[in-house]
Amino acid sequence: MQTGIIGLGAMGTGMARNLARSGNLNLLWNRTSATADTLTKELDITAAASIQQLASSVDIIIVCVSADKDLLEVIKAIQQSIRPGSIVIDTSTVSSETATKAAELLAVRQAHLLDAPVSGGVEGAKNGTLAMMVGGDQAILDKVKPVLDSICSRIIYMGPTGSGQGTKAVNQIIAAGINQAVTEALAFAQAEGLPLEKVIDVVSGGAAGNWFLEHRGLSMTRQQYQPGFKLALHHKDLKICQSMAEQNSADLPLVQQTIIDYQQLMNDGFGDEDISALYRLKQKNLA
Ligand code: NAP
(Lines give C-alpha, C1' and ligand atoms only; values in the text may rest on other atoms or scores of the structure.)
Protein backbone atom coordinates (compact mmCIF):
# COMPACT_ATOMS: atom_id res chain seq x y z
CA MET A 1 0.00 0.00 0.00
CA GLN A 2 1.19 3.54 -0.83
CA THR A 3 1.35 6.00 2.07
CA GLY A 4 1.37 9.80 2.21
CA ILE A 5 1.64 12.30 5.05
CA ILE A 6 -0.01 15.72 5.40
CA GLY A 7 1.33 18.14 8.03
CA LEU A 8 5.05 18.33 8.70
CA GLY A 9 5.21 20.31 11.92
CA ALA A 10 7.02 19.33 15.12
CA MET A 11 5.23 15.96 15.23
CA GLY A 12 4.68 15.26 11.53
CA THR A 13 8.35 15.71 10.66
CA GLY A 14 9.45 13.03 13.14
CA MET A 15 6.75 10.68 11.90
CA ALA A 16 7.74 11.30 8.25
CA ARG A 17 11.38 10.49 9.00
CA ASN A 18 10.50 7.18 10.67
CA LEU A 19 7.99 6.23 7.97
CA ALA A 20 10.63 6.96 5.31
CA ARG A 21 13.36 5.02 7.14
CA SER A 22 11.13 1.93 7.31
CA GLY A 23 10.21 2.20 3.61
CA ASN A 24 6.63 3.18 4.43
CA LEU A 25 6.42 6.68 2.92
CA ASN A 26 5.75 7.52 -0.72
CA LEU A 27 4.51 11.13 -0.78
CA LEU A 28 4.47 14.11 1.55
CA TRP A 29 2.72 17.49 1.62
CA ASN A 30 2.81 20.52 3.88
CA ARG A 31 0.81 23.77 3.65
CA THR A 32 4.04 25.77 3.79
CA SER A 33 5.82 24.20 0.83
CA ALA A 34 9.34 25.16 1.95
CA THR A 35 9.03 22.66 4.82
CA ALA A 36 8.02 19.90 2.42
CA ASP A 37 10.89 20.79 0.05
CA THR A 38 13.45 20.56 2.85
CA LEU A 39 12.19 17.14 3.92
CA THR A 40 12.01 15.95 0.32
CA LYS A 41 15.73 16.70 -0.04
CA GLU A 42 16.58 15.01 3.24
CA LEU A 43 14.48 11.88 2.79
CA ASP A 44 14.37 11.55 -1.00
CA ILE A 45 10.57 11.32 -0.81
CA THR A 46 8.56 13.22 -3.43
CA ALA A 47 6.54 16.24 -2.33
CA ALA A 48 3.06 16.13 -3.84
CA ALA A 49 2.25 19.03 -6.16
CA SER A 50 -0.98 19.57 -4.22
CA ILE A 51 -2.90 18.09 -1.33
CA GLN A 52 -5.37 16.69 -3.90
CA GLN A 53 -2.59 15.00 -5.83
CA LEU A 54 -1.41 13.29 -2.65
CA ALA A 55 -4.94 12.11 -1.87
CA SER A 56 -5.46 10.66 -5.34
CA SER A 57 -2.11 8.84 -5.36
CA VAL A 58 -1.98 6.88 -2.09
CA ASP A 59 -4.02 4.34 -0.11
CA ILE A 60 -3.08 5.51 3.40
CA ILE A 61 -2.99 9.19 4.42
CA ILE A 62 -1.48 10.14 7.76
CA VAL A 63 -2.57 13.62 8.88
CA CYS A 64 -0.96 15.72 11.63
CA VAL A 65 -2.29 19.30 11.71
CA SER A 66 -2.97 21.76 14.51
CA ALA A 67 -6.64 21.96 15.43
CA ASP A 68 -10.24 20.98 14.62
CA LYS A 69 -10.80 23.55 11.88
CA ASP A 70 -7.51 22.60 10.24
CA LEU A 71 -8.39 18.92 10.14
CA LEU A 72 -11.78 19.70 8.59
CA GLU A 73 -10.11 21.99 6.02
CA VAL A 74 -7.76 19.16 5.08
CA ILE A 75 -10.55 16.58 4.85
CA LYS A 76 -12.69 18.89 2.70
CA ALA A 77 -9.69 19.63 0.47
CA ILE A 78 -9.04 15.92 -0.19
CA GLN A 79 -12.67 14.74 -0.22
CA GLN A 80 -13.16 14.85 -3.97
CA SER A 81 -9.80 13.36 -4.94
CA ILE A 82 -9.43 10.60 -2.35
CA ARG A 83 -9.70 7.06 -3.69
CA PRO A 84 -12.57 4.86 -2.49
CA GLY A 85 -11.25 2.43 0.12
CA SER A 86 -8.44 4.77 1.22
CA ILE A 87 -7.69 5.11 4.92
CA VAL A 88 -7.05 8.46 6.64
CA ILE A 89 -5.23 8.19 9.96
CA ASP A 90 -5.63 11.44 11.84
CA THR A 91 -2.93 11.84 14.50
CA SER A 92 -3.88 15.46 15.35
CA THR A 93 -5.58 16.18 18.67
CA VAL A 94 -9.15 17.32 18.00
CA SER A 95 -12.57 16.75 19.54
CA SER A 96 -14.49 13.47 19.15
CA GLU A 97 -17.20 15.47 17.32
CA THR A 98 -14.70 16.67 14.75
CA ALA A 99 -13.44 13.11 14.28
CA THR A 100 -17.01 11.97 13.66
CA LYS A 101 -17.59 14.81 11.17
CA ALA A 102 -14.37 13.95 9.34
CA ALA A 103 -15.38 10.26 9.20
CA GLU A 104 -18.77 11.22 7.73
CA LEU A 105 -17.17 13.41 5.04
CA LEU A 106 -14.87 10.55 4.04
CA ALA A 107 -17.62 7.92 4.12
CA VAL A 108 -19.35 9.82 1.29
CA ARG A 109 -16.37 8.74 -0.85
CA GLN A 110 -16.22 5.21 0.67
CA ALA A 111 -13.00 6.21 2.45
CA HIS A 112 -12.28 5.48 6.11
CA LEU A 113 -11.07 7.50 9.08
CA LEU A 114 -9.18 6.31 12.13
CA ASP A 115 -8.99 8.94 14.86
CA ALA A 116 -5.54 8.13 16.12
CA PRO A 117 -4.10 10.84 18.37
CA VAL A 118 -0.68 10.23 19.83
CA SER A 119 1.25 10.87 23.02
CA GLY A 120 4.98 10.92 23.62
CA GLY A 121 5.96 14.43 22.53
CA VAL A 122 8.39 15.42 19.81
CA GLU A 123 10.86 12.97 21.33
CA GLY A 124 8.36 10.14 20.78
CA ALA A 125 7.77 11.28 17.20
CA LYS A 126 11.52 11.48 16.58
CA ASN A 127 12.28 8.08 18.11
CA GLY A 128 9.25 6.25 16.68
CA THR A 129 7.98 5.48 20.18
CA LEU A 130 4.60 7.24 20.21
CA ALA A 131 1.63 5.80 22.07
CA MET A 132 -1.39 5.83 19.75
CA MET A 133 -5.02 5.58 20.87
CA VAL A 134 -7.29 4.61 18.02
CA GLY A 135 -11.00 4.99 17.30
CA GLY A 136 -12.81 3.61 14.25
CA ASP A 137 -13.09 0.19 12.69
CA GLN A 138 -10.71 -2.38 14.18
CA ALA A 139 -10.42 -4.27 10.88
CA ILE A 140 -9.19 -1.04 9.24
CA LEU A 141 -6.64 -0.56 12.02
CA ASP A 142 -5.39 -4.13 11.51
CA LYS A 143 -4.71 -3.31 7.83
CA VAL A 144 -2.55 -0.27 8.58
CA LYS A 145 -0.85 -1.49 11.75
CA PRO A 146 2.36 -2.58 9.98
CA VAL A 147 2.81 1.01 8.75
CA LEU A 148 1.96 2.52 12.15
CA ASP A 149 4.45 0.24 13.87
CA SER A 150 7.23 2.38 12.37
CA ILE A 151 6.08 5.45 14.33
CA CYS A 152 4.60 3.92 17.49
CA SER A 153 5.74 1.59 20.24
CA ARG A 154 2.18 1.16 21.51
CA ILE A 155 -1.06 1.13 19.51
CA ILE A 156 -4.29 0.51 21.40
CA TYR A 157 -7.72 0.13 19.77
CA MET A 158 -10.19 2.08 21.94
CA GLY A 159 -13.56 1.59 20.20
CA PRO A 160 -15.74 3.35 17.62
CA THR A 161 -14.93 6.68 15.93
CA GLY A 162 -14.20 9.37 18.52
CA SER A 163 -12.87 6.94 21.16
CA GLY A 164 -9.28 7.73 20.27
CA GLN A 165 -9.86 11.46 20.79
CA GLY A 166 -11.84 10.79 23.99
CA THR A 167 -8.83 8.90 25.33
CA LYS A 168 -6.49 11.67 24.26
CA ALA A 169 -8.59 14.12 26.31
CA VAL A 170 -7.81 11.97 29.36
CA ASN A 171 -4.12 12.15 28.47
CA GLN A 172 -4.25 15.94 28.16
CA ILE A 173 -5.89 16.37 31.58
CA ILE A 174 -3.09 14.32 33.12
CA ALA A 175 -0.51 16.37 31.20
CA ALA A 176 -2.05 19.59 32.61
CA GLY A 177 -1.81 18.24 36.17
CA ILE A 178 1.79 17.16 35.68
CA ASN A 179 2.70 20.54 34.20
CA GLN A 180 1.09 22.34 37.14
CA ALA A 181 2.88 20.08 39.64
CA VAL A 182 6.34 20.11 38.05
CA THR A 183 6.48 23.85 37.29
CA GLU A 184 5.21 24.75 40.77
CA ALA A 185 7.57 22.34 42.53
CA LEU A 186 10.65 23.51 40.61
CA ALA A 187 9.78 27.19 41.12
CA PHE A 188 9.48 26.33 44.83
CA ALA A 189 12.88 24.60 44.75
CA GLN A 190 14.39 27.67 43.13
CA ALA A 191 12.82 30.02 45.69
CA GLU A 192 14.26 27.78 48.45
CA GLY A 193 17.72 28.17 46.91
CA LEU A 194 18.14 24.43 46.32
CA PRO A 195 20.56 23.10 43.65
CA LEU A 196 18.08 22.57 40.80
CA GLU A 197 20.05 20.04 38.75
CA LYS A 198 20.45 17.80 41.80
CA VAL A 199 16.80 18.22 42.77
CA ILE A 200 15.68 17.10 39.29
CA ASP A 201 18.16 14.23 39.28
CA VAL A 202 17.16 12.75 42.62
CA VAL A 203 13.41 13.40 42.35
CA SER A 204 13.33 11.83 38.88
CA GLY A 205 14.52 8.55 40.41
CA GLY A 206 11.70 8.30 42.96
CA ALA A 207 7.91 8.19 43.15
CA ALA A 208 7.55 11.78 41.87
CA GLY A 209 9.59 11.03 38.76
CA ASN A 210 7.86 11.49 35.40
CA TRP A 211 8.49 12.09 31.67
CA PHE A 212 7.88 15.84 31.85
CA LEU A 213 10.25 16.39 34.78
CA GLU A 214 12.91 14.34 33.03
CA HIS A 215 12.53 15.98 29.59
CA ARG A 216 11.56 19.58 30.46
CA GLY A 217 12.78 20.05 34.06
CA LEU A 218 16.27 21.38 33.34
CA SER A 219 15.28 23.44 30.31
CA MET A 220 12.51 25.29 32.14
CA THR A 221 14.80 26.19 35.05
CA ARG A 222 17.19 27.62 32.42
CA GLN A 223 14.31 29.70 31.01
CA GLN A 224 14.39 27.72 27.74
CA TYR A 225 10.90 27.14 26.40
CA GLN A 226 11.49 25.94 22.84
CA PRO A 227 8.59 23.62 21.82
CA GLY A 228 8.14 20.69 22.35
CA PHE A 229 4.45 21.07 22.64
CA LYS A 230 3.12 24.56 22.01
CA LEU A 231 1.20 26.00 24.92
CA ALA A 232 -1.55 27.30 22.58
CA LEU A 233 -2.10 23.73 21.33
CA HIS A 234 -2.50 22.35 24.86
CA HIS A 235 -4.87 25.25 25.61
CA LYS A 236 -6.93 24.13 22.59
CA ASP A 237 -6.95 20.53 23.92
CA LEU A 238 -8.05 21.61 27.40
CA LYS A 239 -10.93 23.63 25.94
CA ILE A 240 -12.03 20.36 24.27
CA CYS A 241 -11.84 18.55 27.64
CA GLN A 242 -13.81 21.35 29.30
CA SER A 243 -16.52 21.24 26.66
CA MET A 244 -16.77 17.41 26.94
CA ALA A 245 -17.15 17.70 30.73
CA GLU A 246 -19.76 20.44 30.40
CA GLN A 247 -21.90 18.10 28.29
CA ASN A 248 -22.09 15.87 31.41
CA SER A 249 -22.49 18.88 33.76
CA ALA A 250 -19.12 17.96 35.27
CA ASP A 251 -16.37 20.30 36.52
CA LEU A 252 -12.68 19.94 35.81
CA PRO A 253 -11.09 22.42 38.27
CA LEU A 254 -7.51 21.58 37.33
CA VAL A 255 -8.29 22.04 33.65
CA GLN A 256 -10.07 25.33 34.35
CA GLN A 257 -7.09 26.74 36.25
CA THR A 258 -4.66 25.62 33.55
CA ILE A 259 -6.79 27.27 30.84
CA ILE A 260 -6.70 30.53 32.85
CA ASP A 261 -2.93 30.30 33.30
CA TYR A 262 -2.30 29.47 29.62
CA GLN A 263 -4.61 32.30 28.51
CA GLN A 264 -2.57 34.73 30.57
CA LEU A 265 0.65 33.46 29.00
CA MET A 266 -0.89 33.60 25.52
CA ASN A 267 -2.01 37.20 26.16
CA ASP A 268 1.61 37.96 27.08
CA GLY A 269 2.81 36.54 23.75
CA PHE A 270 4.03 33.10 24.91
CA GLY A 271 1.52 30.86 23.08
CA ASP A 272 4.16 29.44 20.74
CA GLU A 273 6.43 28.44 23.61
CA ASP A 274 6.50 24.96 25.14
CA ILE A 275 3.90 24.21 27.81
CA SER A 276 6.73 24.29 30.39
CA ALA A 277 6.56 28.12 30.01
CA LEU A 278 3.97 27.82 32.81
CA TYR A 279 7.15 28.04 34.92
CA ARG A 280 7.14 31.78 34.14
CA LEU A 281 3.92 32.24 36.16
CA LYS A 282 4.99 29.92 38.97
CA GLN A 283 8.26 31.82 39.38
CA LYS A 284 6.34 35.10 39.62
CA ASN A 285 3.97 33.62 42.21
CA LEU A 286 6.84 32.37 44.36
CA ALA A 287 9.09 35.45 44.02
P1 NAP B 1 3.02 22.36 14.77
O2 NAP B 1 4.48 22.15 14.92
O3 NAP B 1 2.48 23.71 15.03
O4 NAP B 1 2.63 21.89 13.27
C5 NAP B 1 1.34 22.03 12.78
C6 NAP B 1 1.27 21.47 11.37
O7 NAP B 1 -0.07 21.56 10.90
C8 NAP B 1 2.14 22.25 10.37
O9 NAP B 1 2.67 21.35 9.44
C10 NAP B 1 1.10 23.19 9.72
O11 NAP B 1 1.47 23.62 8.44
C12 NAP B 1 -0.08 22.24 9.65
N13 NAP B 1 -1.35 22.95 9.51
C14 NAP B 1 -1.95 23.75 10.44
N15 NAP B 1 -3.12 24.20 9.97
C16 NAP B 1 -3.27 23.68 8.73
C17 NAP B 1 -4.30 23.78 7.75
N18 NAP B 1 -5.40 24.52 7.95
N19 NAP B 1 -4.13 23.11 6.58
C20 NAP B 1 -3.02 22.36 6.37
N21 NAP B 1 -2.01 22.23 7.26
C22 NAP B 1 -2.14 22.89 8.43
O23 NAP B 1 2.18 21.38 15.70
P24 NAP B 1 2.62 19.94 16.27
O25 NAP B 1 3.28 20.13 17.60
O26 NAP B 1 3.27 19.15 15.20
O27 NAP B 1 1.15 19.35 16.59
C28 NAP B 1 0.32 18.81 15.57
C29 NAP B 1 -0.86 18.09 16.24
O30 NAP B 1 -0.35 17.05 17.08
C31 NAP B 1 -1.71 19.01 17.14
O32 NAP B 1 -3.05 18.63 17.05
C33 NAP B 1 -1.16 18.73 18.53
O34 NAP B 1 -2.12 19.00 19.54
C35 NAP B 1 -0.82 17.26 18.42
N36 NAP B 1 0.24 16.77 19.33
C37 NAP B 1 1.37 17.50 19.55
C38 NAP B 1 2.35 17.00 20.41
C39 NAP B 1 3.63 17.75 20.71
O40 NAP B 1 4.33 17.41 21.70
N41 NAP B 1 4.03 18.74 19.90
C42 NAP B 1 2.18 15.74 21.02
C43 NAP B 1 1.04 15.00 20.72
C44 NAP B 1 0.08 15.53 19.87
P45 NAP B 1 2.42 24.92 8.24
O46 NAP B 1 3.81 24.41 8.31
O47 NAP B 1 2.04 25.46 6.93
O48 NAP B 1 2.09 25.88 9.37
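**The interface between domain 1 and domain 2**

Across the interface of domain 1 and domain 2, five residue pairs are found in polar contact, both residues being at pLDDT 80 or more; a polar contact is a pair of N or O atoms within 3.5 Å, where within protein one must be able to donate a hydrogen and the other to accept it, and where residues adjacent in sequence count only if both atoms are side-chain atoms. The model is predicted, with local features needing pLDDT of at least 70 and side-chain atom pairs counting only at pLDDT 80 or more, whereas totals for chains, interfaces and linings use all residues. Residues are numbered from 1 along each chain as its sequence is written, and side-chain values use heavy atoms, with hydrogens and water left out.

The chain is divided into domain 1 (3-160) and domain 2 (166-286), with bounds that come from an automatic or database domain assignment. In contact (heavy atoms within 4.5 Å) are 18 residues of domain 1 and 14 residues of domain 2. The area buried between the two domains is about 1100 Å², of which carbon and sulfur atoms give 56%; buried area is the accessible area (1.4 Å probe) that two parts lose on being put together, summed over both. Of the area that domain 1 buries against domain 2, T93, E123 and M133 supply 36%, more than any other three residues.

One salt bridge is counted between domain 1 and domain 2, the term denoting a side-chain nitrogen of Lys or Arg within 4 Å of a carboxyl oxygen of Asp or Glu. R216 forms a salt bridge with E123, and their closest N and O atoms are 2.7 Å apart.
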